[in-house]
Amino acid sequence: MPVTTHATASPADLYRHSLRLLLDKDIPGWIGLWAEDGVMEFPFAPPGRPARLTGRDAIAAYMRHYPDHIDLHDFPEVRIHQTTEPDTIVVEMRGVGRIVESGDPYDMTYIAVVSVRDGRFTSYRDYWNPLAVQAPGLDFNRGDAR
C-alpha cells in the first residue's frame, strides 16, 4: 500500500487530515499516515476486543473493514489540545453517522492521545466507550457487516 508522508504538518494538522480521510472512507490513505512501527491502543477495550495493535500492518488489518461497519458523516466537535511535548496532542471529538448493519445512528465521543514523529502517527491511545461496541454491526473482528 502506498505510504504518504506529511513531515512538515503539525500533529494537529495531520490529525485533522486523518479525519477527512476517514470521512472519505479512504482507509489506505489513513493507514499511510502511520509509522511502520506505530502503536494503536484501546485502554478501555472489553474482553475479546484488541487492546493493542502493533505496527502499520496490524492497524491496517483492523481498520480495513471500518467503512463496512460505520458510515461516518461528520466530526461536528473536534478540540485539539497541545501538550508540553510538541509531538503529542490530546483530542476531544465526537463522530456521528450510522451503523451500516442496522441503519441505527452512530454517535460516539472520543478522547485520544496521539503522538507523531516525522509526519506520521507513532502512538494513538483511543479512549472510547466500550459499551457502544455491543451494538449490532460494530464487530471489527469480523471481515464483513453481514
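## Strands β3 and β4

Leu 72 has Gly 97 of β4 as its bridge partner. The two strands meant here are β3 and β4 (residues 88–99), which run antiparallel and are joined by 10 bridges. Strands count as paired if DSSP finds at least two bridges between them. Helices (H or I, at least four residues) and strands (E, at least two) are DSSP runs, numbered from the N terminus. His 81 stands opposite Val 90 in β4, and a hairpin of five residues leads from β3 to β4.

## Basis of the model

The model is predicted: local features need pLDDT of at least 70 and side-chain atom pairs count only at pLDDT 80 or more, while totals for chains, interfaces and linings use all residues. Residues are numbered from 1 along each chain as its sequence is written, and side-chain values use heavy atoms, with hydrogens and water left out.

## Overall make-up

The chain holds four helices and six strands, in the sequence pattern α-α-β-β-α-α-β-β-β-β. Of its 146 residues, 43% count as buried, where buried means under 20% relative accessible area, exposed over 50%, and partly exposed in between (1.4 Å probe, protein chains only).

The accessible surface of the chain comes to about 7,500 Å², and 51% of it belongs to carbon and sulfur atoms. These areas come from the Shrake-Rupley method with a 1.4 Å probe; for residues, only the protein chains shown count as cover. Among contacts in the chain with a separation of 6 or more, 56% are between residues 24 or more positions apart; a contact means heavy atoms within 4.5 Å.

## The sheet and its helices

Six strands form an open sheet in the order β2-β1-β6-β5-β4-β3, with mixed pairing. Strands β2 (52–54) and β3 (70–82) are at the edges with a single partner strand each, so one side of each has no neighbour in the sheet. On average, neighbouring strands are turned by 20° against each other, direction ignored. Axes are lines fitted to C-alpha atoms, for helices over the stretch in contact, and angles run from 0 to 180 degrees between N-to-C directions.

Helix α1 (residues 11–23) packs on the sheet and touches β3, β4, β5 (105–117) and β6 (120–127). The direction of α1 makes about 170° with that of β3. Helix α3 (residues 56–63) also packs on the sheet, where it touches β1 (34–41), β2 and β6. The direction of α3 makes about 60° with that of β1.

Strands β4 and β5 pair in the antiparallel sense over 11 bridges, and Arg 94 stands opposite Thr 109 in β5. The hairpin of β4 and β5 has five residues between the strands, and there Gly 103 takes a positive phi near 80°. Strands β5 and β6 also run antiparallel, joined by seven bridges; Val 114 has Tyr 124 of β6 as its bridge partner. Their hairpin has two residues between the strands, and Asp 118 takes a positive phi near 55°.

Gly 119 is found in the loop between β5 and β6 and counts as buried at 5% relative accessibility. Gly 119 and Ala 9 are 110 residues apart in sequence, but their C-alpha atoms are 6.2 Å apart in space. Ser 115 belongs to strand β5 and is buried, with a relative accessible area of 17%. Beyond its neighbours within four places in sequence, Ser 115 is in contact with Asp 87, Thr 88, Arg 120, Phe 121, Thr 122 and Ser 123.

## Buried side of α3

The buried residues of α3 are Arg 56, Ile 59, Ala 60, Tyr 62 and Met 63. They cover an arc of only 165° around the axis, which puts them on the same side of α3; the arc is that of the directions from the helix axis to the C-beta atoms. Their cover includes α1, α2 (27–31), β1, β2, α4 (66–69) and β6.

## Aromatic pairs

A search of the whole structure finds nine aromatic pairs. Rings of Phe, Tyr and Trp (its six-membered ring) pair if their centres lie within 6.5 Å; planes under 30 degrees apart count as stacked, over 60 as edge-to-face and the rest as tilted. Phe 42 and Tyr 62 form a tilted pair, at 5.4 Å centre to centre with 45° between the planes. Phe 42 is in the loop between β1 and β2 and Tyr 62 in helix α3, 20 residues apart. Phe 42 is buried at 4% relative accessible area, and Tyr 62 is buried at 18%.

Ring pairs also link Tyr 15, Trp 30, Trp 34, Phe 121 and Tyr 124 into a cluster.
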